[in-house]
Amino acid sequence: MTGTTRSSDGLDDRRKRLLFRCWHRGTREMDLILGRFADAEIGNLTEAELTELETLLEVNDPDLYAAITGDKLLPEDVTGALFARIKAYPIADGNL
């Protein structure tokens, strides 16, 4: 998989922006983790979850990747329920 499989049609501007940011992180591993999650869930996220996603996207890739893989802890204000959902989200092909 090389990029988004979800169209941004029908999404509000905030969701479109977040979908783009999830697929354009700077490292391919984080593109795949966040991008696949966003493809599946962006249309269903609440306003609070969108805010949490925006906060997560401010964390640099090495730290966020390490937190997702369990090698590092992030501050509690960053690792809410949405972070747990992202962390548990299955990687379809497992090729990270």
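Which residue's backbone oxygen lies 2.9 Å from a polar atom of the side chain of Arg15? The residue is Ile42.

## Basis of the model

This is a predicted model, in which local features need pLDDT of at least 70, side-chain atom pairs count only at pLDDT 80 or more, and totals for chains, interfaces and linings use all residues. Residues are numbered from 1 along each chain as its sequence is written, and side-chain values use heavy atoms, with hydrogens and water left out.

Helices are DSSP runs of H or I with at least four residues, numbered from the N terminus.

## Arg15 in helix α1

Arg15 sits in helix α1. Is Arg15 buried or exposed? Arg15 counts as buried because its relative accessible area is 10%. Buried means under 20% relative accessible area, exposed over 50%, and partly exposed in between (1.4 Å probe, protein chains only).

The side chain of Arg15 reaches two backbone oxygens. One belongs to Ile42, at 2.9 Å. The other belongs to Leu45, at 2.4 Å. Both fall under the heading of polar contacts. A polar contact is a pair of N or O atoms within 3.5 Å; within protein, one must be able to donate a hydrogen and the other to accept it, and residues adjacent in sequence count only if both atoms are side-chain atoms. Contact in general means heavy atoms within 4.5 Å. Neighbours within four places in sequence aside, Arg15 is in contact with Ile42, Gly43, Leu45, Glu47 and Leu50.

## Where α1 meets α3

The axes of α1 and helix α3 (residues 47-56) come within 11 Å. They cross at roughly 35°. Axes here are lines fitted to C-alpha atoms, for helices over the stretch in contact, and angles run from 0 to 180 degrees between N-to-C directions. The crossing is left-handed, meaning that the near helix is turned anticlockwise from the far one by less than a right angle.

On the α1 side, the contact involves Arg14, Arg15, Leu18 and Cys22. On the α3 side, it involves Glu47, Leu50, Thr51, Leu53 and Glu54. These residues divide into four nonpolar, one polar and four charged. Ala, Val, Leu, Ile, Met, Phe, Trp, Tyr, Cys and Pro count as nonpolar, Asp, Glu, Lys and Arg as charged, and the others, Gly among them, as polar.

## Helix α2 and its cover

Helix α2 covers residues 28-41 and has 14 residues. At 1.5 Å a residue it should span 20 Å, and its end C-alpha atoms are 19 Å apart, so the two values agree. The expected span is 1.5 Å times one less than the number of residues.

Eleven of the 14 residues of α2 are buried. Among them are Met30, Leu34, Phe37 and Glu41. What covers the buried residues includes α1 (13-23), α4 (61-69) and α5 (81-88).

Ile33 lies in α2. It is buried because its relative accessible area is 8%. Glu29 counts as partly exposed because its relative accessibility is 34%. Its C-alpha atom is separated from that of Leu19 by 16 Å.

Glu41, another α2 residue, makes a polar contact through its side chain with the side chain of Arg85, at 3.0 Å. Beyond its neighbours within four places in sequence, Glu41 is in contact with Arg85 and Tyr89. Ala84 has its place in α5. Ala84 is partly exposed, with a relative accessible area of 43%. The C-alpha atoms of Ala84 and Cys22 are separated by 16 Å.

Notes. Helix = DSSP H or I, 4+ residues; strand = E, 2+ residues; numbered from the N terminus.
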